[in-house]
Structure formats: C-alpha cells, structure tokens
Amino acid sequence: MLESSHQNLAMVTCTAPVNIAVVKYWGKRNEDLILPINSSLSVTLHQEQLKTTTTIACSRSFQQDRIWLNGKEEDISCPRLQSCLQEIRRLARKRRNTGDPTSDISVVSHKVHICSVNNFPTAAGLASSAAGYACLVYTLSQLFGVEGELSTVARQGSGSACRSLYGGFVQWKMGERSDGKDSIAEQVESESYWPELRVLILVVSAEQKSVGSTSGMHTSVETSQLLKYRADVVVPCRMVEMIRVIRQRDFPAFGELTMKDSNQFHATCLDTYPPIFYLNNVSHRIISLVHRYNQFYGETRVAYTFDAGPNAVIYTLQEHVPEFVQVVRHFFPSEANGSEFVRGRPVCSADLSEELKRALNMEPTPKGIHYIISTKAGPGPCVVEDPNHHLLGVDGLPKKNAVSD
Ligand code: DP6
C-alpha cells in the first residue's frame with residue numbers, strides 16, 4: 001500500500017481473474033442479495049491472458065466516491081457497486097469494534113477513487129463483470145484491512161464474481177439461509193491440481209448484442225419449468241459428480257458433464273418465454289465439430305461450454321491442443337496470420353490427416369471465429385506490489401495510460 005502522509009492518500013492495486021462455469025449458475029431466488037436457485041462450479045482462468053486490474057485510493061481530501069472503468073468515468077450510484085462498497089465498509093467498521101489493534105480505521109470514513117481496466121477487449125464479449133467485481137471487492141478489502149469471507153460481498157456485485165475470488169476449481173454453494181450468509185464460494189482444488197488441463201476461448205463474431213444475464217435469468221425463473229427441474233433435480237447430483245471427476249482428473253467424464261451442462265443451460269434459455277438465443281450458427285458448428293472430433297477418436301478429448309453469448313470455451317488436455325487448434329483453423333479459416341489468430345499461451349503447429357478432415361465432414365466457415373485465446377487454470381486475486389503499476393496518480397486521478405495494460 002502506498003501511504004503518503006503529505007497527501008493523506010492510501011492506495012492499493014490488485015488483479016483478479018475471469019472464471020468459466022462448467023456447472024452453470026442461472027436464476028436467482030433473491031435478486032437483491034443475489035442468491036442463486038442452484039449451486040455452480042467453475043474453472044478460474046489464468047491472469048496472464050485475462051484479468052482485471054483495479055487501483056483504489058482513499059483520502060480525507062476526496063469529496064465523493066468515484067469510479068473509472070476502462071478509461072471512462074462511470075456512475076458510482078449503480079446499486080450493485082453501492083452494495084459492495086457499503087458491505088466492505090460495514091465489515092471494516094465491525095473489525096474496529098472488535099478492537100483489532102492493527103486496523104487503521106480512519107480510512108474507512110474516507111471517500112474512495114476506483115480505477116479499473118481489463119487486459120482483454122470488452123468487445124470480445126467475454127464476461128468481465130465477474131473479474132471486475134471480484135477485483136473491486138478484493139482491492140477494497142486490502143485497502144481497509146478486511147479479512148475473511150469476501151465471496152458473500154463479491155456475490156452482491158455479480159453472482160459469478162464470487163467464484164473469481166479463488167484460483168483453480170471453485171464451487172459456489174447456493175446455501176439455504178434467506179440472509180445469504182451461507183451462499184459462498186469455496187475452492188475445490190487449486191490451479192496446480194490438474195496441470196494438463198487447457199482452455200481455448202474461441203471468440204466468435206456476434207452480429208447482435210445478446211440479452212444480458214441478469215434480465216435473461218430473471219425471465220427464465222419466471223417462465224421456464226425446465227429451469228426449475230434443472231435446479232431442483234439435475235444440478236444437485238451434477239455438482240457431486242463434477243467434483244468427483246475433477247478430483248479424479250477424469251477428462252472424458254469432466255468433458256461430457258461440462259457439455260451436457262452447457263446444453264441444458266441453453267435448453268432452459270430456449271424454454272424461457274419469450275425464448276432467449278445465445279448461440280449462433282458458428283456456435284452450432286463448433287458444437288458439431290467437437291462431437292465429430294471426439295467420435296473420430298472414440299473418446300471425449302475436447303469439450304465445449306457457452307455462456308450468455310456465442311463464444312465457445314473449449315476445455316481439453318495439453319496433448320490435444322495443437323491438433324484441435326489446427327482443426328479450428330482449417331474449418332474456420334481467418335485472414336489473421338498465425339500469431340494474431342492464436343493469442344495467449346503459444347500453441348505448436350500440427351498437421352491434420354486427410355482421414356480426420358474427411359471424418360469431420362464439414363464445409364469451412366470463413367471468418368466465423370475472430371481469434372483464439374489459449375490459456376489454462378490460474379490463481380485467484382493478487383496484490384500488485386510495484387507502485388509503478390498503480391492506475392491512479394498521487395493526485396488520486398487516473399494516470400494518462402490507465403486505459404489498458
Ligand atoms: C451464464 O453472474 O453475470 O455466465 O448475478 O445477474 O450478475 P448476475 O449474473 P452473472 O451470470 C453468469 C451466468 C453465466 C453462468 C455462470 O457463470 O455460472
């Protein structure tokens with residue numbers, strides 16, 4: 001933390017990851033507290049490829065709370081932002097009341113300036129609210145010296161954000177209480193537990209903006225009987241099963257469950273009235289390609305999952321990445337050259353056999369996929385120690401280059 005007695009300014013910078021669910025959260029039983037109708041489970045992605053960085057400063061001289069997102073000042077009165085701020089300040093004060101001698105409590109009453117950027121384009125349509133709220137809550141907790149259960153706070157920013165507070169494999173237990181105190185995220189296994197697991201994000205060109213998750217799941221809860229069945233009957237068993245196959249590092253079982261859960265989530269979207277369509281033609285082609293590829297080898301080597309948009313997230317093992325990436329290049333030819341098409345972790349080149357190409361039996365879809373982000377599971381939020389990386393200057397305002405890093 002940068003503390004300048006002269007300016008009376010305290011400042012902290014942290015980063016937080018994106019997560020991709022393999023058992024999806026869809027539907028709330030309490031919209032104010034963001035309590036879900038089912039538990040969910042996700043893989044936290046590595047921050048080398050996808051992360052949010054947030055700097056928060058507080059000072060006696062600040063007149064009001066302010067926030068800048070990706071270089072633009074936004075309205076701090078957003079109810080979800082307010083919930084997180086109020087909740088962290090409440091926890092910080094509680095800490096003072098319990099007489100913790102290490103807490104410098106004067107800062108809690110000061111206003112904050114928040115500056116946050118993503119290292120990936122928002123236009124890519126990757127859920128950024130999870131990383132964003134996890135980073136906000138984690139950074140505030142560092143600034144105010146709040147320890148302990150933070151996932152109930154991040155959850156009130158965006159449900160899926162609570163899972164971004166941990167690395168590796170993370171479950172969000174739905175809980176039973178009406179106050180939400182037991183609706184928390186917990187690490188199932190760390191990011192190093194399954195080192196061969198790899199993640200490929202296929203960024204698909206979206207023609208139109210999809211319905212947002214918050215309003216989409218609201219309509220689903222109101223109208224879909226399938227969603228009720230999913231939450232009551234399917235997910236409880238699936239959570240147990242998913243945790244078991246992760247612990248056994250059983251890729252075929254993990255992949256099959258992941259695809260089935262994604263398909264059921266999109267089925268509940270179709271069962272919503274009026275229906276919600278998140279997948280487009282390219283998404284459907286990716287689904288067919290994955291099934292044909294697995295069928296060719298007679299085992300589940302790659303698995304897809306889709307959130308509230310057309311991008312595919314592929315889970316696979318390290319040994320299958322080069323060939324599957326080549327399959328994607330072949331069937332979704334792009335004008336981008338090698339390094340522009342595959343970003344993130346380097347991928348070796350591979351040749352495709354004529355037999356495989358024939359078996360996949362698909363017409364190429366030029367430009368269907370913009371690019372691939374190659375990544376793996378990664379750790380939870382981190383504190384950035386180097387003061388040069390603060391996004392706010394000593395005047396408490398965004399530095400000129402605080403747009404992205
Ligand atoms: C399809 O967490 O974005 O990505 O709680 O309303 O902010 P709110 O919704 P959000 O929903 C994520 C939905 C999902 C599935 C998942 O991540 O589990």
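Visitor: Setting aside neighbours within four places in sequence, which residues is serine 224 in contact with?

Guide: Contact means heavy atoms within 4.5 Å. On that basis, serine 224 touches Thr219, Thr268, Asp271 and Thr272, once neighbours within four places are left aside. Keep in mind that this is a predicted model, where local features need pLDDT of at least 70, side-chain atom pairs count only at pLDDT 80 or more, and totals for chains, interfaces and linings use all residues. Residues are numbered from 1 along each chain as its sequence is written, and side-chain values use heavy atoms, with hydrogens and water left out.

Visitor: Where does serine 224 lie, and is serine 224 buried or exposed?

Guide: Helices (H or I, at least four residues) and strands (E, at least two) are DSSP runs, numbered from the N terminus. Serine 224 sits in the loop between α4 (213-223) and α5 (225-247). For accessibility, buried means under 20% relative accessible area, exposed over 50%, and partly exposed in between, using a 1.4 Å probe and protein chains only. With 6%, serine 224 is buried.

Visitor: With which side chain does the side chain of serine 224 make a polar contact?

Guide: A polar contact is a pair of N or O atoms within 3.5 Å; within protein, one must be able to donate a hydrogen and the other to accept it, and residues adjacent in sequence count only if both atoms are side-chain atoms. Here the partner is the side chain of aspartate 271, at 2.7 Å. A polar atom of the serine 224 side chain also lies 2.9 Å from the backbone nitrogen of leucine 227.

Visitor: Now the charged pairs: how many salt bridges are there?

Guide: Side chains of opposite charge can pair when their charged atoms come close. The rule for a salt bridge is a side-chain nitrogen of Lys or Arg within 4 Å of a carboxyl oxygen of Asp or Glu. That gives a count of 17 salt bridges.

Visitor: Which residue forms a salt bridge with arginine 238?

Guide: Aspartate 261 does, with the closest N and O atoms 2.9 Å apart. This pair links distant parts of the chain, as aspartate 261 is in helix α6 (residues 251-271) and arginine 238 in helix α5, 23 residues apart. Aspartate 261 is buried at 0%, and arginine 238 is buried at 13%.

Visitor: What separates arginine 244 and glutamate 241 in helix α5?

Guide: About one helical turn, because they are three residues apart in that helix. Their side chains meet in a salt bridge of 2.8 Å, N to O. Arginine 244 is partly exposed at 39%, and glutamate 241 is partly exposed at 31%.
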